[in-house]
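Dear colleague,

Please find below the structure that I am handing over to you. I would be grateful if you kept it open while reading the notes that come after it.

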Amino acid sequence: MTEDDIPAVDALEKAMFPVDAWPTEMFYDELRQRDTRSYYVAEDPDGTVIGYAGLMCVLPIADVQTIAVDSAHEGAGTGSRLLATLVDEAKQRGADDVLLEVRADNPRAQRLYRWFGFEQIHVRPRYYRDGADALIMRLELSTWEGAPVRESNPVKDVQ
């Protein structure tokens with residue numbers, strides 16, 4: 001992610017998280033902290049930002065700061081690729097664990113994190129502005145060997 005991406009990221013942030021959206025300036029602040037932060041965008045073939053993700057790494061812990069994919073592009077693997085990029089970055093930086101918070105009422109995101117090997121370690125009651133709880137999840141990087149691979153279900157021709 002560069003500063004040029006922030007207007008598109010900010011628009012996506014506000015559309016996806018109307019209650020909990022980050023203030024625009026926060027993205028600029030995060031990009032300025034390159035020694036402990038890494039931010040990425042995912043774009044469609046036309047160059048439109050369809051997702052973004054950010055990581056903070058202060059050893060020995062890395063923390064997923066944000067991750068989002070435009071709802072029109074969910075299910076295509078963009079979120080998985082962004083998450084894999086963050087986890088790989090954390091491992092490359094020497095972190096022992098990756099932590100994240102996820103809304104207790106977001107089962108789709110929870111499934112993704114569990115698929116990657118994250119385990120719930122705590123609950124933060126009423127963490128979000130609307131009163132929703134946050135689940136705190138952790139991935140131990142000592143066993144991380146890369147993103148999980150989806151098994152394909154080949155379709156056989158029927159004649």
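The notes below describe the overall fold, then the sheet, and then the packing of the helices.

This is a predicted model, in which local features need pLDDT of at least 70 and side-chain atom pairs count only at pLDDT 80 or more, while totals for chains, interfaces and linings use all residues. Residues are numbered from 1 along each chain as its sequence is written, and side-chain values use heavy atoms, with hydrogens and water left out.

The chain contains four helices and six strands. Helices (H or I, at least four residues) and strands (E, at least two) are DSSP runs, numbered from the N terminus. In sequence order, their pattern is α-α-β-β-β-α-β-α-β-β. For 159 residues, a compact globule would have a radius of gyration near 15 Å, and the 16 Å of this chain agrees with that. The radius is taken over C-alpha atoms, and the globule rule is 2.2 Å times the number of residues to the power 0.38.

The six strands make an open sheet with mixed pairing, in the order E1-E2-E3-E4-E6-E5. Two strands pair if DSSP finds at least two bridges between them. At the edges lie E1 (37–43) and E5 (119–124), each of which pairs on one side only. From one strand to the next, the twist averages 25°; angles run from 0 to 180 degrees between N-to-C directions, and axes are lines fitted to C-alpha atoms, for helices over the stretch in contact.

E1 and E2 are antiparallel and share seven bridges, one of which links Glu43 to Val49 in E2. These two strands form a hairpin with five residues between them, and Gly47 in the turn has a positive phi of about 90°. By contrast, E3 (residues 61–69) and E4 (residues 97–103) run parallel and are joined by three bridges. Ile61 has Asp97 in E4 as its bridge partner.

H4 packs on the sheet, where it touches E3, E4, E5 and E6 (134–140), and its direction makes about 160° with that of E4. Contact here means heavy atoms within 4.5 Å.

H3 (residues 78–93) and H4 (residues 107–116) pack at about 50°, with axes 11 Å apart. The two helices are therefore oblique to each other (under 35 degrees counts as roughly parallel, over 145 as roughly antiparallel, 65 to 115 as roughly perpendicular and the rest as oblique). Gly79, Ser80, Leu83 and Ala84 in H3 meet Leu112, Tyr113, Trp115 and Phe116 in H4.

With kind regards
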